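Please look over the sequence and the model below. The paragraphs after it go through the structure step by step.

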Amino acid sequence: MSLWNKILHRLGLEARTHIKIYHGVGGAEQMEIFGHVLDRGPLPRTHYSRFFLVNTLALIRLFMVKPRNGATVELIWEGRAIRAVTEKDGFFHLQWKPEVMPEAGDHTVEVTITDVEQSPVTRAVGVVIIPHRSQFGCISDIDDTFLVSHSASLFKRLHVLFTRNARTRKPFEGVVNHYRLLSDADNKGRLPRPFFYVSSSEWNLYNYIREFCRMHGLPEGVFLLSQLKPLLLLLKSGQQKHATKFTRISRILKHYPHMRFILLGDDTQEDPNIYEAITKHFPSQILAVYLRHVRNSRYAATQEVADVIMSRGIPCCYFKHSSEAIAHSQKIGLIT
């Protein structure tokens, strides 16, 4: 390791070409998994502190990324090579159709960079999750849906991002219980219901968000986040175009045409309008919609959207406290 790489390592950065891999999914006919190839990226965080400067430096590291464009990645499935080439931001998406779809559950795959000198960091192990087809699934936003983020105020959002960490951030009261009940997580007799977390937050925050979910016992799931951002765009974290969120949710619904889903979001940004559009295009696949009331200025407009959704015969709960959402889920038979 060169002196420069040693310095970067001491700063908490991996300065060799490596793979970051995220949970993949298996649907009716195909399997897929995605990730990034980086020439520089943050090492996994092992030390957590309440001191704001430690948390600020840790956040900055998440955005000190150097993506690798044009790298070839490969996985082997039942003797067949599946390949993809990374995009400009280092992102790759591997998808394939097995001859026989595996049973529901978690399936391990190994992804390798084929055009870089082989070493432990040029390969990574990931998991493809195949949900049981008889279950319903849940698609949830993250910021201000279960993670208190102050998305409506850029200053407040950046303040909590810079001064706190994944273990000191807070969920809304009662939301973990609601999600665990929806996922049927405590029923050992069957697989938990699948959760998909779709957010405008960037892939830079993947490990941060996953650690938050792990700490608070939120259901394990598949994350679909927004494009990786470089350090110079750190102050624009979470300020993505929301049109891509509709596309990502649509892909989930098309991936599982025989499944029905619950949508969970909030009224701080565009969730109400996106979810209304989803219920218009996929009315038979949406079981219910939950919208957390956070912004008073959005109340009237969001209530109108909720009324439109309900006029389509789809239950919609616009709630202030998670206890109201739990009571609604019990009333319509989603949880017992």
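**Pocket, cavities and domains**

Four elements, namely strand S2 (18–21), helix H2 (52–62), strand S10 (123–130) and helix H5 (206–216), each supply at least two residues of the lining of the largest pocket. Of these, H2 provides the largest share of that lining, with seven residues. The model shown here is predicted.

The largest pocket has a volume of about 810 Å³. Its lining consists of 33 residues. Those that lie nearest the centre of the pocket are Pro42, Leu43, Pro44, Arg45 and Asn207. Sorted by class, the lining residues of the largest pocket are 18 nonpolar, eight polar and seven charged.

How is the protein chain divided? There is a domain 1, covering residues 3–130, and a domain 2, covering residues 137–332. The C-alpha centres of these two domains lie 24 Å apart. In the contact of domain 1 with domain 2, 34 residues come from domain 1 and 34 residues from domain 2.

Which residues line the second largest cavity? They are Val25, Glu32, Phe34, Phe196, Val222, Leu224, Arg251, Ile252, His255 and Tyr256. By class, this lining has seven nonpolar residues, one polar residue and two charged residues.

The lining of the second largest cavity can also be read by element. Strand S4 (31–42), strand S13 (222–226) and helix H6 each supply at least two of its residues. H6 gives the most, with three residues. As for the domains, at least three residues of the lining of the second largest cavity are drawn from domain 1 (3–130), and at least three from domain 2 (137–332).

Helix H6 also takes part in a helix pair. H6 covers residues 243–255 and packs with helix H7, residues 271–281, at an angle of about 35 degrees. The axes of H6 and H7 are 10 Å apart, and H6 passes H7 in a right-handed crossing. On the H6 side, the contact is made by Lys245, Phe246, Ile249, Ser250 and Leu253. On the H7 side, Asp271, Ile274, Tyr275, Ala277, Ile278 and His281 make the contact. The residues of the contact of H6 with H7 divide into seven nonpolar, two polar and two charged.

Technical notes. Residues numbered from 1 in each chain as written. Predicted model: local features only at pLDDT ≥ 70, side-chain atom pairs only at ≥ 80, totals over all residues. Heavy atoms only, no water. Axes fitted to C-alpha atoms, helices over the stretch in contact; angles between N-to-C directions. Left-handed = near helix turned anticlockwise from the far one by under 90°. Contact = heavy atoms within 4.5 Å. Nonpolar A, V, L, I, M, F, W, Y, C, P; charged D, E, K, R; others polar. 1 Å grid on protein atoms, 1.4 Å probe; cavity = no way out; pocket = protein on both sides within 12 Å on 5 of 7 lines; lining within 4 Å. Points joined across faces, edges and corners; volume = space filled by probe spheres on them. Domains from an automatic or database assignment.
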